[in-house]
Structures are given as C-alpha cells and as structure tokens.
Amino acid sequence: MAEPPREELVPGAVLLRRAALPVAAELLQCIDEVVLQAPFRHMHTPGGHRMSVAMTNCGACGWITDASGYRYSEVDPETGEPWPALPAAFLTVATSAASNAGFAGFQPDACLVNCYVPGARMTLHQDRNEADFEQPIVSISLGLPADFQFGGLLRSDPVRRVRLGHGDVVVWGGPARLRFHGVLPLKDGKHAATGCVRYNLTLRTAR
C-alpha cells in the first residue's frame, strides 16, 4: 500500500492525509462499540462551562473534566466502571502514524473520542495532563471536514488553519508537543459514512 501524502506542519508535527481511510469503516464500528459501554456526554470545565463537543473514552484511563479539574481517571465517573478497552484498530493506526511521523515505539494507553455536530468547537488548548510529554499525540479525523487550528507554545502565537477530512491523521510531539491547538465551529454538512457529525480520536500516553 502506498504511503499517504505527508506534510510537516512545523518541526515535530506531521499531517498524514487519508492515512486512516483504508480502515475508516472499522474505526467507526469500534466507536459504536465503545459508545455502547461508555455513552457520549457533554462534560463541564472547572469553571462550569458545558463543552459543545460530546466526549467519551477508551483505554486504561480516560480524560475527564468537572469542578475538580482536568485529569485522567481509570473509571468512567458516570458508570463507575472501567473505560472500554482500547480497540486494536485504534492502536494499529496510531502506532503506524506515529512511526511515520518519527515517533517509533508509541504505545498509547488512552483515547479520547470526540463527537462534533454543526456548531461544536474546541477552543485553543494544550494537552498537558499526561505524565510523559516525550510521547506524541495522534489525532484521527472521521466524517465531516473540520478546520483544525495549530498554534505555538503561547496562546497568543499565530495560528495556522488546516482543513482535515475523512481519514486524515495529525501527529505532534517533540518540540511541537505542547503547542496550542483547537477546532473551529463545525460547519453544516452530511458525510456518507457519518451523517451530520465528525468524530475525532485522540490517542495519547496518559500514565
């Protein structure tokens, strides 16, 4: 199979166009199975803001936010049960993409599953609740296209806008690991595979 088109966004950050497309249907099926065990929910920030993106998790631990702060938890606070296991298909795509981007040996233990509907967005933020910043972040896009924002190490730094489509994968680590990033409000549309939504799988080594 031919290597996907590869674009370096900045040192340490790589966009792999359509890298997940060959297994997109399997990834979507896995999302359905995860959601059966741990349904999507709108979490609240420590300041009480209801997030527009619906979320759930799979893996050894999951990212959560509430009045107590941002953190990882080994159990789903809504069910009291462990999060669903990390699907093998998620792991295969993530480790392959990380290796392609120069981060061989990536072993994620957590995956945040985001569901965007039109109007949902993710404000600029850093992923800094993980224990080891030497490990990259791998982000897989499925469904409706979205405008990904990739900034600098300060919130005030210039932001690059990158259009992400079905099957695109972004990997960032090394000098780019703590760059601010986000997603602009999702525009109306309909995708053959997901309908009126976009899914995003964000894999990381949390512990």
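**Salt bridges**

I looked up the salt bridges and found 9 in the structure; the term covers a side-chain nitrogen of Lys or Arg within 4 Å of a carboxyl oxygen of Asp or Glu. I am working with a predicted model, where local features need pLDDT of at least 70 and side-chain atom pairs count only at pLDDT 80 or more, while totals for chains, interfaces and linings use all residues. Residues are numbered from 1 along each chain as its sequence is written, and side-chain values use heavy atoms, with hydrogens and water left out.

**Glu 7 with Arg 160**

I started with Glu 7, whose side chain meets that of Arg 160 in a salt bridge at 2.6 Å, N to O. Glu 7 sits in strand E1 (residues 6–10) and Arg 160 in strand E10 (residues 160–164), so this pair ties together parts that are 153 residues apart in sequence. Strands (E, at least two residues) and helices (H or I, at least four) are DSSP runs, numbered from the N terminus.

My cut-offs: buried is under 20% relative accessible area, exposed is over 50%, and partly exposed lies in between (1.4 Å probe, protein chains only).

**Around Arg 204**

Next I turned to Arg 204, which forms a salt bridge with Asp 127 (3.7 Å, N to O). Asp 127 is in the loop between strand E7 (122–125) and strand E8 (137–143), and Arg 204 is in strand E13 (residues 198–204), so the pair ties together parts 77 residues apart in sequence. Both Asp 127 and Arg 204 are buried.

Arg 204 also meets Glu 130 in a salt bridge, at 3.4 Å, N to O. Glu 130 is in the loop between E7 and E8, 74 residues from Arg 204, and both residues are buried. I then traced shared partners: Asp 127, Glu 130, Arg 177 and Arg 204 join into one network of salt bridges.

**The largest pocket**

Last, I checked the largest pocket, with a volume of about 600 Å³. A pocket here is an open set of points on a 1 Å grid over the protein atoms alone, where a 1.4 Å probe fits, with protein on both sides within 12 Å along at least five of seven lines; lining residues have an atom within 4 Å of a point. The volume is the space filled by probe spheres set on the points, which are joined across faces, edges and corners.
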